[in-house]
Amino acid sequence: QYGGSPAILGRSVTLDGKPRTIVGVMDSSIDRVPFGYDWWAPLALSAEQAANIGPRYLDVIGRLRSTDSRAAAAELSTLSRNAGAVGDTGAALGVRLESLKAHFSAGARPILLPLLGAVLAVVLLGALNAASLLLAQGQSRRAEIALRASLGAGRARLVRQLLFESAWLTGAAAALSLVVSLWIVDSLKALLPYDQGTLSNGALDWRSAVFTLVLSAAITSLCGLLPALRNSSIDLRDALLGGGRAVAGGPDRLRRTLVMLQVGLAITIGTAGALMARTTVELMAAPRGYDAAQVLTAAAQFPSREYPSSRQLRDAIARVATAAESIPGVRNVSLTTRVPLSGGAPGSDLALVSDAFKPGTDRQVRIRFVTPGYFSTVGTPLLHGRDVAASDVDTAGLVVLVNQTLARRLAEPS
């Protein structure tokens with residue numbers, strides 16, 4: 001709205017229902033960090049919130065004074081114990097340091113590394129193919145190379161010439177790949193959901209260009225140098241007498257070796273691709289517990305300042321649901337604190353009333369609050385019992401639906 005202009009410093013805007021003064025403008029590079037936020041405000045905890053350190057609801061980010069992360073972790077663990085931070089079992093909580101990069105890339109790293117390996121394998125296959133073609137081209141240029149050598153060109157000069165030609169070929173391929181990558185990245189970003197973090201923020205930058213140039217140089221050195229050395233080593237007499245014909249005195253073992261490597265690598269890549277495609281098909285066909293067909297989601301926030309009481313919040317939710325149901329083509333509408341597979345949800349300890357609390361027992365469960373008709377909206381079948389009803393909100397007794405795993409856990413004897 002303000003175009004990133006620093007002229008808005010000192011202006012008052014209403015955010016989250018409160019008037020706030022803008023004191024700073026972040027650089028656009030903050031978008032590369034997948035926080036997903038547009039504005040930041042000072043953290044002001046009440047005395048009750050500051051004392052409630054058990055649920056661990058805050059993320060702590062710091063910059064190390066030195067590279068000794070173990071010493072920093074030990075110091076922070078001491079501070080945590082002195083503050084009285086304990087876990088669900090009553091044991092003191094320690095601290096595990098994690099780099100900001102690892103924190104945001106940990107989920108995508110197991111997926112991206114195999115993809116990088118597959119890309120490098122495809123690049124190697126193309127490089128081997130280019131090397132075998134350059135070797136074949138060298139056979140047809142034996143007379144030309146012999147004539148250059150007879151006019152005084154040494155082997156080093158011939159190697160430089162052939163290597164320079166390979167570099168031009170590789171450079172053209174690298175430039176074309178960057179242009180195609182720009183189009184592919186934009187197309188992929190358009191297909192991804194908006195909240196995919198670093199994936200949706202991905203873009204080609206100078207690092208991508210440098211990686212492409214380094215990879216091109218490596219391919220030129222490894223796969224262009226070998227044909228250059230092979231084609232520059234010729235017998236002048238045989239080459240000149242051959243009249244420019246591709247004369248081979250015997251089986252070209254080098255070319256055959258390259259062809260064998262290409263075939264083996266192509267079979268490996270094809271097999272891996274077929275297995276990945278089969279895995280993808282099976283994952284798409286696997287039951288997910290909901291039916292996402294013809295289901296749309298939208299995020300809505302209700303600031304506590306504007307809706308201080310539960311009655312006001314319930315009325316606002318009812319108005320949103322009524323407005324959405326009035327849209328042509330909408331069959332039914334429900335609200336939830338988290339949609340399926342969105343990650344994260346409030347948690348709580350759970351135990352049967354008849355059971356005594358036993359330290360060391362994992363009782364953490366995740367909770368999601370829903371409005372009536374939620375399960376029919378998302379297509380989640382009910383195995384037993386009933387769905388949430390509107391009357392459940394106003395009754396004195398609280399009700400809950402549980403998944404199969406929790407039902408089995410509660411049914412097992414303690």
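Reader: How far apart should the ends of helix H6 be, and what does the model give?

Author: H6 covers residues 155-191, 37 residues at 1.5 Å each, so it should span 54 Å. Its end C-alpha atoms are 53 Å apart, which agrees. The expected span is 1.5 Å times one less than the number of residues, and helices (H or I, at least four residues) and strands (E, at least two) are DSSP runs numbered from the N terminus.

Reader: What should I know about the source?

Author: This is a predicted model, where local features need pLDDT of at least 70, side-chain atom pairs need 80 or more, and totals for chains, interfaces and linings use all residues. Residues are numbered from 1 along each chain as its sequence is written, and side-chain values use heavy atoms, leaving out hydrogens and water.

Reader: Which residues of H6 are buried?

Author: Leu-158, Val-159, Leu-162, Ser-166, Thr-170 and Ala-174. Buried means under 20% relative accessible area (1.4 Å probe, protein chains only). Across the chain, 16% of the 414 residues are buried.

Reader: What's in the largest nonpolar core?

Author: Seven residues: Ala-127, Leu-128, Ala-131, Leu-135, Cys-223, Leu-258 and Leu-265. Such a core is a set of buried Ala, Val, Leu, Ile, Met, Phe, Trp, Tyr and Cys residues joined through side-chain atoms within 4.5 Å.

Reader: Which helix gives the largest share?

Author: H4, with four residues.

Reader: New topic: how do E1 and E2 pair?

Author: E1 (residues 12-15) and E2 (residues 18-21) run antiparallel over four bridges; pairing takes at least two DSSP bridges. They form a hairpin with two residues between them, and Asp-16 in the turn has a positive phi of about 60°.

Methods. Buried < 20%, exposed > 50% of the residue type's maximum accessible area, 1.4 Å probe, protein only.
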